[in-house]
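Trainee: Hello! I am new to this one. Could you walk me through it, one question at a time?

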Amino acid sequence: MSISVGILGAAGRMGQMLIATAEADAGTVVKAAVDRAESPLVGTAFGEFTLTADTAALFRDVDVAIDFTLPSATAEHARLAAEHGTGWVLGTTGLDDDLIALVKQTATKAPVMFSANYSLGVNLLSVLVEQAAQALGEGWDIEITETHHNQKVDAPSGTALMLGRAAAKGRDVALADVQRLSREGQTGIRPAGEIGFATLRGGDVAGEHHVNFFGTAERIEIGHRATSREIFAKGAVHAAKWLAGREAGLYSMRDALEI
Ligand code: NAD
């Protein structure tokens, strides 16, 4: 049996990939696709459905809404998911603390999957990072680098922060207490226990992340390179199928991938 999905941000890079991926998947039917009213693609027919700006109808009509948009859209989508109990696969990054709290609150009313990265590879990487951070301890300096295309609007990437949280968890600390999101000027020497981030932007890079553990006279590097957004779209469609029909709650890709 297939489930119905609605794609939010359907005119965007991820939205277009999600439409193609969900249509190709025997387990999903795309029933609705929505973007901002000013998008030139609104009104365009895609096979069985037409891209509209009717967000409320999407949340009312589908089993699961797949949302790769902007943080400015998140509050409205949370309200509609809670009102209709619609499954909500949220991939938007750059959410502030208030929006993250709202997502958690929505998960008391609807099944919500929230991940900064829907690929199998990065979710497995986060498990490895947590293990390595735990095994190595504070004597090793952790630095995370990320590279993305020149159209990305937030930094560090949601995935870099997710990997930072995994490292912090391995050390049993809160990332917010040890993070250094960027450096410039007279920074002083590196404090022990800090988790550092560095950002590169350019070209059409789909996403690269490397976590470096610097010891004395040795270094461990583990990382992931995405060469296509297809991996995020496939992961999000897998998440939608896994989420459909579940009880209200906040779920992670580790749950859906069973890793
Ligand atoms: P994009 O700019 O190409 O697309 C975003 C789309 O959302 C645009 O078409 C925009 O018009 C639309 N949009 C904005 N507000 C909207 C609203 N209120 N209602 C409906 N549509 C709205 O960006 P993108 O590269 O597709 O990325 C989108 C988001 O997904 C970003 O936050 C990005 O970081 C994130 N992302 C997450 C993952 C993941 O695995 N979690 C992977 C890739 C990208």
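Mentor: Gladly, and please keep in mind that this is a predicted model. Let us start with a helix pair: Val122, Asn123, Leu125, Ser126, Val129, Glu130, Ala133 and Gln134 in α5 meet Thr159, Met162, Leu163, Ala166, Ala167, Lys169, Gly170 and Arg171 in α6.

Trainee: How do the residues of the contact of α5 with α6 divide into nonpolar, polar and charged?

Mentor: Look at both sides of the contact, where α5 brings residues including Val122 and Glu130, and α6 brings residues including Met162 and Lys169. Sorted by class, this contact has 8 nonpolar, 5 polar and 3 charged residues.

Trainee: At what angle do α5 and α6 pack?

Mentor: Helix α6 covers residues 158–171, and its axis is 7 Å from that of α5. The crossing of the two, α5 and α6, is right-handed. Their packing angle is about 35°.

Trainee: Are α1 and α8 parallel, perpendicular or oblique to each other?

Mentor: Helix α1 takes in residues 13–24 and helix α8 residues 230–243, with 9 Å between their axes. They pack at an angle of about 55°. An angle of 65 to 115 degrees would count as roughly perpendicular and one under 35 as roughly parallel. The pair α1 and α8 is therefore oblique.

Trainee: Which residues of α8 make the contact with α1?

Mentor: On the α1 side, the contact uses Met14, Met17, Leu18, Thr21 and Ala22. By class, the contact of α1 with α8 holds 8 nonpolar, 1 polar and 2 charged residues. The α8 side is made up of Glu230, Phe232, Ala233, Lys234, Ala236 and Val237.

Trainee: Let us stay with α8 for a moment. Is Ala240 buried or exposed?

Mentor: Ala240 sits in helix α8. Leaving aside residues up to four places away in sequence, Ala240 touches Ile3, Val5, Val64, Ile66 and Val89. Its relative accessible area is 0%, and under 20% counts as buried. So Ala240 is buried.

Trainee: How far apart in space are Ala240 and Trp88?

Mentor: In sequence, Ala240 and Trp88 are 152 residues apart. In space, the C-alpha to C-alpha distance between them is 7.8 Å.

Trainee: Which residues does Gly27 touch, not counting those up to four places away in sequence?

Mentor: Gly27 is found in the loop between α1 and β2. At 16% relative accessibility, Gly27 counts as buried. Val237 is 210 residues from Gly27 in sequence, yet their C-alpha atoms are 9.0 Å apart. The residues that Gly27 touches are Met1, Ser2, Ile3 and Lys241.

Trainee: Now for the rings. Are those of Phe46 and Phe49 stacked or tilted?

Mentor: Searching the whole structure turns up 3 aromatic pairs. In the pair of Phe46 and Phe49, the ring centres are 5.8 Å apart and the planes lie at 10°, so the pair is stacked.

Trainee: How many residues apart in sequence are the parts that Phe68 and Tyr118 tie together?

Mentor: Phe68 and Tyr118 form a tilted aromatic pair, 5.7 Å centre to centre with 55° between the planes. Phe68 is in the loop between β5 and α3, while Tyr118 is in the loop between β7 and α5. Both are buried, Phe68 with a relative accessible area of 15% and Tyr118 with 2%.

Definitions and conventions. Residues are numbered from 1 along each chain as its sequence is written. This is a predicted model: local features need pLDDT of at least 70, side-chain atom pairs count only at pLDDT 80 or more; totals for chains, interfaces and linings use all residues. Side-chain values use heavy atoms; hydrogens and water are left out. Axes are lines fitted to C-alpha atoms, for helices over the stretch in contact, and angles run from 0 to 180 degrees between N-to-C directions. Helices (H or I, at least four residues) and strands (E, at least two) are DSSP runs, numbered from the N terminus. Angles under 35 degrees count as roughly parallel, over 145 as roughly antiparallel, 65 to 115 as roughly perpendicular and the rest as oblique. Contact means heavy atoms within 4.5 Å. Ala, Val, Leu, Ile, Met, Phe, Trp, Tyr, Cys and Pro count as nonpolar, Asp, Glu, Lys and Arg as charged, and the others, Gly among them, as polar. Rings of Phe, Tyr and Trp (its six-membered ring) pair if their centres lie within 6.5 Å; planes under 30 degrees apart count as stacked, over 60 as edge-to-face and the rest as tilted. Buried means under 20% relative accessible area, exposed over 50%, partly exposed in between (1.4 Å probe, protein chains only). A crossing is left-handed if the near helix is turned anticlockwise from the far one by less than a right angle, and right-handed if clockwise.
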